[in-house]
Number of protein chains: 2
Amino acid sequence: MKNIAVLGYGTVGTGVIDVINTNGKVIKDRQGVELNVKYVLDLRDFPNDPIQAKIVHDYDVILNDTEVSIVIEVMGGVEPAYTFAKSALKAGKSVVSSNKALVAAKGTELLDIAKQNNVNFLFEASCGGGIPIIRPLTTSITADEVMEITGILNGTTNYMLHKMNTEGVDFNEALTEAQRLGYAEADPTADVEGHDTCRKIAILTSVATGKYVDFEEIHTEGISNVSAEDMKYAKKLGYSIKLLGTSSRIGEKFCAMVAPFLVSADSSLYSIVDVFNGILVKGNVLGDTMFYGSGAGKLPTASAVVADIIEAAKNEGNNIFDGWKDEKLELIPIDDVSQTFYVRVKAGLEDNKAIVTKLFGAVKFITLDNKDNEFAFITGNLTESKFRNSVDKIENVESVIRVK
Amino acid sequence: MKNIAVLGYGTVGTGVIDVINTNGKVIKDRQGVELNVKYVLDLRDFPNDPIQAKIVHDYDVILNDTEVSIVIEVMGGVEPAYTFAKSALKAGKSVVSSNKALVAAKGTELLDIAKQNNVNFLFEASCGGGIPIIRPLTTSITADEVMEITGILNGTTNYMLHKMNTEGVDFNEALTEAQRLGYAEADPTADVEGHDTCRKIAILTSVATGKYVDFEEIHTEGISNVSAEDMKYAKKLGYSIKLLGTSSRIGEKFCAMVAPFLVSADSSLYSIVDVFNGILVKGNVLGDTMFYGSGAGKLPTASAVVADIIEAAKNEGNNIFDGWKDEKLELIPIDDVSQTFYVRVKAGLEDNKAIVTKLFGAVKFITLDNKDNEFAFITGNLTESKFRNSVDKIENVESVIRVK
């Protein structure tokens, strides 16, 4: 029997308890691992919940109990998660975390401490919720050089963009509906401004390359400037607008960014709608493979957490997870990255066709039937800096979105 | 350095050599595993290929060389693959196979021999080509009871059905084109009659449940009776026709079958087109997750084979892969399985509406504009035996396809 302690009895924490209660017998029979939740750490009490018998308020009770071999950190945020995780690893306990903020900020150090102490620091649930992606990257896509990872990594924004696309509502209305359904938080900044996606693509890129990515170096834009109007143009062009976290190899360096993109109907990411997540991995010999599923939600996320607990339990005293080394992955400055861009302009097409063609190379123009004094265009392939130089010379630019 | 031997220098075998040549350094740096191909077994000689220096015609050379720790079986077919794999495992060598025929027929015994000899028998590439699916099922989706696995597992038939759907060509024309492009073999029986898919869904179900599935017990139908006409009805109904291998849990038993199905646009399998494969796994807590990619092809398949070689190399002397036990999974007889069905009839709708409604419960009727004396309908949920009883009472039935 493996005694475990769960730090935080919030959404994911209650999910972990649910999954162990529901599937404990299946896990014992099939995986040979019997899990016993010995403690749940939370500031609050839960007098009407059977969990109350296991609630502790003092982390030292868990830390000093040598019977506890795995600590499950599902609190979120960097502190006190970092302090708790670090001391657990140093005490010879494996740590499982669903916390992307912790992993992105402190993963390098925690992986190193885990290695030194011959325990494991696992975080499958930190990216893509229930979708298996960290373990496939580290144990399945091992014969390849990963050339690109591109993901729809945030269910909240994907839901909002889908709603804007299918129902023609604007950003604010989509946000209100997402909040009403519990998909978006009262303060939605981390989701809609892309910070959540940024941390996830940093983690995935670190895992895929074995070098750590400083998430603060990743150029990050959110979806708050995406309008229902842009959706209409995108649709007419055969595209859909998605918030992507993307990183791709250019020689030994990587180009990484988070931004809304026009995604073509040919892409397997195009049909990832609603709150679902999808992660496309391109290997130099494998080609494209995609992982799809529930990127959030209590039970799917808890399923991934419990799978990590099982992996830690099966590998007690054996550091199995390399993660990445304390060597920084060099990112290409955003100015030097080449893209194509969609631009919408509040002006007549005929008056501007010549200058747009001259400035942006090969371009595709598009107008909507009911919009006289407006047009959009797709540029040729340009570096970000060249594009910005050129777009500054056009008046009445309403919006700019990159094209994948 | 790990010395390996490749049995068979066909498509997958040459792919394995290519992947090791291309990514050997990346694999060494990132995975810490240096691979050396010491022998390639083939009946033929390859005088103009550098591989000739490693070609042997006698398997005993490999078997008796204690330096060879991993044997790669990429010959296909049950014999002599079975004899070779068995003797390698007994000699303390791990075996990696891409051979679904071998794994479906002899997997139980080979897994057991591997365990007894503390080596590994790995076969990621046997299902879904390059798509990671076996390892995710055994190491990631471990906190769940798997409720269903449904896959488009054969690229050849998916290409043909896609072509019939988008270009309106009939089965024979689609087959000819698939053969011209090298997607279908001269004798396409194994693909078009569903035998290939049958072995794959048997393997996946065995891995997911830990009990072996006798592939010969799986009800298997191919796509040779699917007509371009049915495609038109399906499209009008908002469906697409796909060849699925599917198994789902009903209590402690499973219902498994291979057949063409009408798949609705809501399904994540709907958008798997062309030669691609997609495998949907439903967990009781995870919900739906899907794995998508190149289900065949030299390099993607070889990528999965080499990933298994790396896994075997990292775990020398340590049997890590449970696979399944020598306990048979009970399948529900096809007669007792409940489904909904699409039926096309060469007769007037009005003359038949009453009897169809009476026989099949709640039904949805559909006619095409240019077809006067023909209609189709979708039944309510019926057992296979009840359905067959009822359909026998209708005259001029042209085709029957299940609905997913």
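1. Strand β13 (residues 287–294) of chain A pairs with strand β13 (residues 287–294) of chain B in the antiparallel sense, over five bridges. Strands, like helices, are DSSP runs numbered from the N terminus (helices H or I, at least four residues; strands E, at least two), and two strands pair if DSSP finds at least two bridges between them. Across this pairing, A:Met290 stands opposite B:Tyr292, and A:Tyr292 stands opposite B:Met290.

2. The model is predicted: local features need pLDDT of at least 70 and side-chain atom pairs count only at pLDDT 80 or more, whereas totals for chains, interfaces and linings use all residues. Residues are numbered from 1 along each chain as its sequence is written, and chains are lettered from A and ligands numbered from 1 in the order in which they are written.

3. Within chain A, β13 also pairs with strand β12 (residues 276–283), in the antiparallel sense and over eight bridges. The two strands form a hairpin with three residues between them. In this pairing A:Lys282 stands opposite A:Asp288.

4. The contact between the chains takes 42 residues from chain A and 41 residues from chain B, where two residues are in contact if their C-beta atoms, placed from the backbone, lie within 7 Å. On the side of chain B, α1 (11–31), α5 (134–140), β13 and α11 (298–314) each supply at least two residues. That side has 19 nonpolar, 16 polar and six charged residues; Ala, Val, Leu, Ile, Met, Phe, Trp, Tyr, Cys and Pro count as nonpolar, Asp, Glu, Lys and Arg as charged, and the others, Gly among them, as polar.

5. Chain A is divided into domain 1 (2–129 + 298–324), domain 2 (134–294) and domain 3 (334–403), with bounds from an automatic or database domain assignment. The centres of domains 1 and 2 of chain A, taken over C-alpha atoms, are separated by 27 Å. Their contact takes 17 residues from domain 1 and 21 residues from domain 2. Helix α4 (residues 100–116) of chain A gives the most to the domain 1 side, with six residues.

6. Helix α9 (residues 195–209) of chain A has 15 residues, of which 14 are buried. A:Gly210 follows α9(A) and has a positive phi, near 80 degrees.

Key
Buried ≥ 20, exposed ≤ 12 C-beta atoms within 10 Å, placed from the backbone.
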